[in-house]
Amino acid sequence: MHATLSSGIGDTVTDVLGLPDHVTALLFDLDGVLTPTAAVHNRAWTATFDEFLRDRPGQRPFDPVADYNDFVDGKPRAAGVRDFLASRGITLPEGSPDDPPDAQTVNGLGNRKNVLLLRLLEEGTLEAYPGSVRYLEQAQAQGLRRAVVSSSANTRQVVASAGLERYLEARVDGVTIRERGLKGKPAPDTFLAAAEELGVEPAQAAVFEDALAGVAAGKAGGFGYVVGIDRVGGDHAGDLRRAGADRVVSDLSELLAKGES
Ligand SMILES: O=P(O)(O)OC[C@H]1O[C@@H](O)[C@H](O)[C@@H](O)[C@@H]1O
């Protein structure tokens with residue numbers, strides 16, 4: 001129990017945040033957990049893959065629910081391309097991360113999607129989920145450690161435009177993956193790197209994830225608690241539980257004690 005961090009009469013920190021007592025650090029995925037950008041990624045992927053598949057006889061369009069959740073969501077850019085194409089029996093040369101967007105390579109296709117993603121992000125205004133902001137505020141007020149852990153190489157920019165920098169003490173993202181040669185989700189390596197940066201053991205950290213690959217990474221890393229966030233409905237909550245989530249909510253505000261949410 002965090003008796004010394006008590007937030008009020010009879011409340012422990014973890015009561016306020018809806019977490020078990022052993023949790024002292026929080027590792028948040030970004031897209032779909034802190035910001036509504038999972039849907040923007042999904043739109044950009046759908047348009048990119050549909051254009052690519054159009055020239056290939058017998059291929060059905062990209063399914064933004066099943067294909068996105070099973071093969072793309074939460075994984076680093078190139079892994080999403082590779083895994084989705086493999087599911088359709090298509091192999092492309094790997095190329096390199098600096099390939100131009102018109103290159104017929106795994107990286108080229110991923111970079112084509114990124115051009116579209118950046119255009120969509122520029123067109124819209126980006127606001128973090130209000131429930132996530134309240135949760136971050138409470139976590140900060142209660143003295144819990146906080147990091148963002150995302151496969152996206154656009155994490156720094158998205159965090160900055162959503163005004164979330166002040167709540168986050170560490171960032172492990174798609175750029176870190178490339179620089180340090182880390183394995184992306186569903187491997188636990190990015191979450192483990194963030195826990196290390198915060199100076200906590202995995203068992204002391206809670207993982208917050210909307211993607212099946214991310215929940216699987218939390219489970220594989222032996223983290224102390226894994227919260228699945230289902231913002232899409234359908235079978236996703238059940239899928240998150242089957243992937244290893246200890247609890248599934250539709251918004252982080254659901255975890256906050258009454259009076260704080
Ligand atoms: O292409 P980026 O911005 O590096 O993002 C990689 C992945 O980042 C994840 O956060 C998203 O769920 C995926 O949809 C995305 O493909």
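Trainee: Which residues in helix 10 meet which residues in helix 11?

Mentor: This is a predicted model, so we read what the prediction shows. From helix 10 come Leu-212, Val-215, Ala-216 and Lys-219. Their partners in helix 11 are Asp-239, Leu-240 and Ala-243.

Trainee: What classes do the residues of this contact fall into?

Mentor: Five are nonpolar and two are charged. No polar residues take part.

Trainee: How do I describe the packing itself?

Mentor: Two packed helices are described by the angle between their axes and the distance between the axes. Now the case here. Helix 10 and helix 11 (residues 236-243) pack at an angle of about 25°. Their axes lie 8 Å apart.

Trainee: Why are helix 10 and helix 11 called roughly parallel?

Mentor: Angles under 35 degrees count as roughly parallel. The angle here is about 25°. Helix 10 and helix 11 are therefore roughly parallel to each other.

Trainee: Is the crossing of helix 10 and helix 11 left-handed or right-handed?

Mentor: That crossing is right-handed.

Trainee: Which residues of helix 4 and helix 5 meet?

Mentor: Helix 4 brings Arg-77, Ala-78, Val-81 and Arg-82. Helix 5 brings Val-106, Asn-107, Leu-109, Gly-110 and Asn-114. By class, the contact has four nonpolar, three polar and two charged residues.

Trainee: Now zoom out. Which domains does the protein chain have?

Mentor: The domain assignment gives domain 1 (3-36 + 126-255) and domain 2 (38-123). Domain 1 is written as two stretches of residues. Over C-alpha atoms, the centres of domain 1 and domain 2 are 25 Å apart.

Trainee: How many residues does each domain put into the contact?

Mentor: Domain 1 gives 18 residues and domain 2 gives 13 residues. On the side of domain 1 that touches domain 2, helix 8 (174-180) and helix 10 (212-220) each supply at least two residues. By class, that side has seven nonpolar, seven polar and four charged residues.

Trainee: Last stop, the ligand. How many residues surround the ligand?

Mentor: The count is 17. The closest are Asp-31, His-41, Arg-77, Ser-152 and Ala-153. Arg-77 also belongs to the contact of helix 4 with helix 5.

Trainee: Where does the shell around the ligand draw its residues from?

Mentor: From domain 1 and domain 2, at least three residues each. Helix 2 (38-54) and helix 4 (77-87) each supply at least two. The shell has five nonpolar, nine polar and three charged residues.

Technical notes
Residues are numbered from 1 along each chain as its sequence is written. This is a predicted model: local features need pLDDT of at least 70, side-chain atom pairs count only at pLDDT 80 or more; totals for chains, interfaces and linings use all residues. A residue is near a molecule or strand if its C-beta atom, placed from the backbone, lies within 6 Å of it. Helices (H or I, at least four residues) and strands (E, at least two) are DSSP runs, numbered from the N terminus. Ala, Val, Leu, Ile, Met, Phe, Trp, Tyr, Cys and Pro count as nonpolar, Asp, Glu, Lys and Arg as charged, and the others, Gly among them, as polar. Domain bounds come from an automatic or database domain assignment. Two residues are in contact if their C-beta atoms, placed from the backbone, lie within 7 Å. Axes are lines fitted to C-alpha atoms, for helices over the stretch in contact, and angles run from 0 to 180 degrees between N-to-C directions. Angles under 35 degrees count as roughly parallel, over 145 as roughly antiparallel, 65 to 115 as roughly perpendicular and the rest as oblique. A crossing is left-handed if the near helix is turned anticlockwise from the far one by less than a right angle, and right-handed if clockwise.
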